[in-house]
Amino acid sequence: MRHLNDMALFVEVARARSFRKAAEALGMPNSTLSRRVSELEKAIGLRLLHRTTRKIELTEAGQLYYERSKRIVDEARLAHEQLGAMLNQPSGVLRVSLPVDLATFYLTPIIGEFARHYPGITFEFDLTPRRVDLVAEPFDVAIRIGKLEDSGLITRLIGRHSRYLYASPGYIEASGEPATPAELAEHECIGMLRSPIWSLRQGMNKVDVAVRGRFTLNSVGMIRALAVNHQGIALLPEKIVAEDMAFDRLRRILPEWQGSAVSIFAVTETRLIPAKTQRFIEFLSSRLMEA
């Protein structure tokens, strides 16, 4: 590898026909450049340059070595330039596993914005509640919500959304509005499966409420739809219900209280990911992380 680096230095000297000019172009001391070229000549066993006080000329061996080395150095430079372009404008098929509700209700416009930034990328999205196998299946990245199991995969926190309590005007009119978290136990609460406790906080105050209701399910989208249809109180990320709030389909209740934040992760098999995947993860993180 050292000889390859010295080859590139020799090519610059041969092009400039001057150690001083080559050293200036390379941003290194003249003495260091001269020593490195001399070491290259010793390693090869042939003199490559005729040095005089006025000029530098290539020997016969130096001319042959220069012609071969120049092609190698130019190819290496071109490869670096192409890789740089790939990093700036990555291309190829990006295969992503996405949670159904997050993709449907929130990620779609963000992904559309990303697609406009990177026209060379095409997309294959698998919207599924199951935890895909990143080792056995051909996915570049999986986006996952909530607590993750220790799987040995590479995880990166890319978003954290606060959750608040919402109910429809129709539900509030029919059932009233709770004034304290404790009163939630007297209301129809639309809950997630295996999550009968809602943890709420107000500043430094924290409280756990055991909620009940006729509906428990594993779909944020359906929880939202049931709440809009007056079936109870829901604990949801505010970004998911922004449109419902704007059109007064849902109203925030107990506004000084909020639920524990929902964490969003990007999961990959390895840290060595292609530019298309790296840019996608970075882009989602810039849009999903709350200030």
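Reply: Gladly! Let's begin in a loop: Leu 254 sits between strand S12 (251-253) and strand S13. Keep in mind that this is a predicted model.

Me: Why is Leu 254 called buried?

Reply: Buried means under 20% relative accessible area. Leu 254 has a relative accessible area of 3%, so it is buried.

Me: What makes the phi of Leu 254 worth a look?

Reply: Most residues other than glycine have a negative phi. Leu 254 is a residue other than glycine, yet its phi is positive, near 40°. Arg 17 is another such case: its phi is about 55°, again positive, and it is not a glycine.

Me: What makes Glu 24 and Arg 20 a salt bridge?

Reply: The cut-off is 4 Å, and the closest N and O atoms of Glu 24 and Arg 20 are 3.4 Å apart. Both are in helix H2 (residues 19-26), four residues apart, about one turn of the helix. Glu 24 counts as exposed at 55% relative accessibility, while Arg 20 counts as partly exposed at 46%.

Me: Why does the pair Glu 113 and Arg 287 tie together parts that are apart in sequence?

Reply: Glu 113 is in helix H5 (residues 100-117) and Arg 287 is in helix H9 (residues 275-288), so their pair ties together parts 174 residues apart in sequence. The closest N and O atoms are 2.7 Å apart, and the two residues form a salt bridge. Glu 113 is partly exposed at 23%, and Arg 287 is partly exposed at 32%.

Me: How many salt bridges does a search of the whole structure find?

Reply: The search finds 15 salt bridges.

Me: How do you know that the buried residues of H3 line one face of the helix?

Reply: The buried residues of H3 are Leu 33, Arg 36, Val 37, Leu 40 and Glu 41. Seen down the axis of H3, they fall within an arc of 140°, so they line one face of the helix. The face turned away from that buried side carries the exposed residues Ser 31 and Lys 42.

Me: How far does H3 reach from its first C-alpha to its last?

Reply: Helix H3 (residues 30-44) has 15 residues and reaches 21 Å, close to the 21 Å expected at 1.5 Å a residue. Gly 45, which follows H3, has a positive phi near 90°.

Me: Which residues line the second largest pocket?

Reply: Among them are Leu 4, Asn 5, Glu 12, Ile 72 and His 80. A lining residue has an atom within 4 Å of a point of the pocket. H1 gives the largest share of this lining, with six residues. By class, the lining has seven nonpolar, two polar and two charged residues. The space in this pocket is about 230 Å³.

Me: And what is the volume of the largest pocket?

Reply: Its volume is about 1,200 Å³. Of the 42 residues lining the largest pocket, Ile 145, Gly 146, Met 192, Asn 218 and Val 220 are the closest to its centre. Strand S13 (residues 258-268) gives the most to this lining, with five residues.

Methods: Residues numbered from 1 in each chain as written. Predicted model: local features only at pLDDT ≥ 70, side-chain atom pairs only at ≥ 80, totals over all residues. Heavy atoms only, no water. 1 Å grid on protein atoms, 1.4 Å probe; cavity = no way out; pocket = protein on both sides within 12 Å on 5 of 7 lines; lining within 4 Å. Points joined across faces, edges and corners; volume = space filled by probe spheres on them. Helix = DSSP H or I, 4+ residues; strand = E, 2+ residues; numbered from the N terminus. Nonpolar A, V, L, I, M, F, W, Y, C, P; charged D, E, K, R; others polar. Expected span 1.5 Å × (residues − 1). Buried < 20%, exposed > 50% of the residue type's maximum accessible area, 1.4 Å probe, protein only. Arc of directions from axis to C-beta. Salt bridge = Lys/Arg side-chain N within 4 Å of Asp/Glu carboxyl O.
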